[in-house]
Amino acid sequence: MKSDLVLLAALAGLTQRAAAQAQPYGQCGGVNFNGPTSCTSGWTCTYSNPYYSQCLPGGNGGGGGTVTVTVTTTSYQYSTTTVTDYQTDTVTETDTVTETETVTEGSPCTTDGPGPTGCDATRSFDLLGVNEAGAEFGTAVPGRLGKDYTWPTFDSIQYFLDRGLNAIRVPIMLERVAPPSSGLKNPATYNQTYLSGLYQTVSYITNSGGKAIIDIHNYGRYNGDILTDVEGFGNMWQALSQWTAFNDNVIFDLMNEYHDMDNGLVFQLNQAGLSAIRSNGISNLILVEGNSWSGAWTWVDNNDMLKYLTDTAGNMAYEMHQYLDSDGSGTSDQCDSDTVGADRISSATQWCEDNGVKCFLGEFGAGSNDQCAAAVNGLLCALKSSDAWIGATWWAAGPWWPSDYFQSIEPPNGVAVDTYVPLLQSYV
């Protein structure tokens with residue numbers, strides 16, 4: 001029963017097979033699709049790729065919306081000291097100033113209240129958004145949709161796009177793309193059911209005006225062991241990038257959080273992925289991650305060799321991750337200090353600037369308390385203050401997070417929604 005219910009929920013808003021016509025934003029075509037191929041009045045069935053066509057208004061992507069943030073200052077006190085004829089008089093005055101400032105999407109930084117106080121108002125992030133976890137969940141391979149793994153809901157994706165965020169990172173499991181029984185090298189054996197779900201998710205994001213980051217969320221492993229098949233990894237990315245490069249809004253995140261591996265192997269895998277994607281003539285942005293969980297605070301010590309990677313299209317960025325609890329694991333809702341975010345990316349920022357490269361914070365998160373909120377604000381402000389950083393994505397949204405997961409930003413009731421959605425919006 002659970003499997004059936006989750007499957008129906010995942011398809012809500014996408015297909016209504018019993019209806020004579022597909023509904024707005026619903027699927028209306030694609031390989032193995034058996035539902036309606038026409039759309040309700042005012043909507044056009046628009047081709048995205050061989051696996052997915054979607055009902056869009058007038059054949060164009062969906063809208064966004066205007067977000068308004070109101071910030072109000074509070075009272076303040078000040079003291080003045082006057083020295084006259086060798087006598088000192090101290091006067092304390094109290095004044096109250098209440099100002100309301102309305103900021104719409106994309107406007108410069110606010111100057112008061114929560115948000116990018118003191119940040120560079122002349123630049124904005126290229127990418128700012130969230131991770132949408134679920135398709136990498138579980139251990140069963142290939143696994144069953146709705147039982148072992150799930151895809152993000154379109155309602156959740158749209159929630160963030162409507163608030164001005166533009167980047168959705170979608171973690172996937174490599175073994176579900178390329179079954180271990182046949183390995184990485186033969187795309188003909190890849191799991192079309194799983195890939196179809198990926199294509200539908202990516203299509204919705206990009207057709208709705210967002211940028212979809214496809215993330216192989218395997219920690220440098222494949223089938224339980226360290227991934228050593230460099231050639232096969234390249235073959236996989238050549239095939240996957242060819243199938244999913246619908247437009248420039250698709251971004252390729254080669255491998256999530258290598259760890260406890262030989263640095264030379266990390267370099268080879270990244271270079272193989274870069275070269276394979278470029279062999280297709282694809283110039284989309286590619287994100288490369290590093291060893292030691294791709295941590296920003298340990299990047300310089302562990303990943304300096306990655307500055308020698310080559311990209312023939314010149315469109316790559318180094319992806320780092322940073323959590324703000326004591327060990328940087330993201331498992332505690334307590335932050336070390338209210339400056340820990342800015343402090344922990346400082347050396348990485350210098351590395352990015354010194355090497356003239358672009359960098360991206362693919363995962364960050366913290367608890368919903370005053371100290372952590374200040375630390376996250378400081379982190380984002382520090383990122384925004386350097387031309388090296390192109391953006392960041394919060395960990396994480398997704399429909400299967402437990403109700404008490406402190407970093408869940410899944411709308412409408414995720415624990416972190418009320419604290420961090422407004423904060424992220426303030427950096428749009």
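## Strand 15 and its partners

How many bridges join strand 14 to strand 15, and in which sense do the two strands run? There are four bridges, and the strands run parallel. Before we look further, please keep in mind that this is a predicted model. One of the residue pairs here is Leu287 with Ala317, its bridge partner in strand 15. Strand 15 also pairs with strand 16 (residues 359-365), again in the parallel sense, over six bridges. There, His321 has Glu363 of strand 16 as its bridge partner.

## Two helices to follow

Helix 6 covers residues 263-278. Its 16 residues should span 22 Å at 1.5 Å a residue, and its end C-alpha atoms lie 23 Å apart, which agrees. At the start of helix 6, a side-chain oxygen of Asp262 comes to within 2.9 Å of the backbone nitrogen of Gly264. The buried residues of helix 6 include Leu265, Val266, Leu269, Leu274 and Ile277. Its buried residues pack against several elements, among them helix 5 (230-244), strand 14 (286-289) and strand 15 (316-323).

Helix 5 has 15 residues and reaches 21 Å from its first C-alpha to its last, close to the 21 Å expected. Among its buried residues are Phe233, Met236, Trp237 and Leu240. The cover over the buried residues of helix 5 includes strand 9 (167-172), helix 4 (192-207), strand 10 and helix 6.

## A buried histidine

Where does His217 lie? You will find His217 in the loop between strand 10 (211-216) and strand 11 (221-222). Its relative accessible area is 8%, so His217 is buried. The side chain of His217 makes a polar contact with the side chain of Asp215 at 2.6 Å.

## Backbone details worth a look

Two peptide bonds stand out here. The bond from Val141 to Pro142 is cis, with omega near 0°, and Pro142 sits in the loop between strand 8 (127-132) and helix 2 (154-162). Trp395 and Ala396 are also joined by a cis peptide bond, with omega about 0°; Ala396 belongs to strand 17 (residues 389-397).

Asn223, in the loop between strand 11 and strand 12, has a positive phi of about 55° although it is not a glycine. Glu257 has a positive phi near 50° and lies in the loop between strand 13 and helix 6. At 9% relative accessibility, Glu257 counts as buried.

## How confident is the model?

The protein averages a pLDDT of 83, and 77% of the residues score at least 70. Over residues 1-19, however, pLDDT is below 50, and this stretch has 27 contacts in the model beyond near neighbours in sequence. Residues 59-113 also stay under 50, with 88 contacts beyond four places in sequence. Where pLDDT is low, the predicted coordinates should not be read in detail.

How values were computed:
Residues numbered from 1 in each chain as written. Predicted model: local features only at pLDDT ≥ 70, side-chain atom pairs only at ≥ 80, totals over all residues. Heavy atoms only, no water. Expected span 1.5 Å × (residues − 1). Buried < 20%, exposed > 50% of the residue type's maximum accessible area, 1.4 Å probe, protein only. Contact = heavy atoms within 4.5 Å. Polar contact = N/O pair within 3.5 Å; in protein donor to acceptor, adjacent residues only side chain to side chain. pLDDT = per-residue confidence, 0-100. Pairing = 2+ DSSP bridges.
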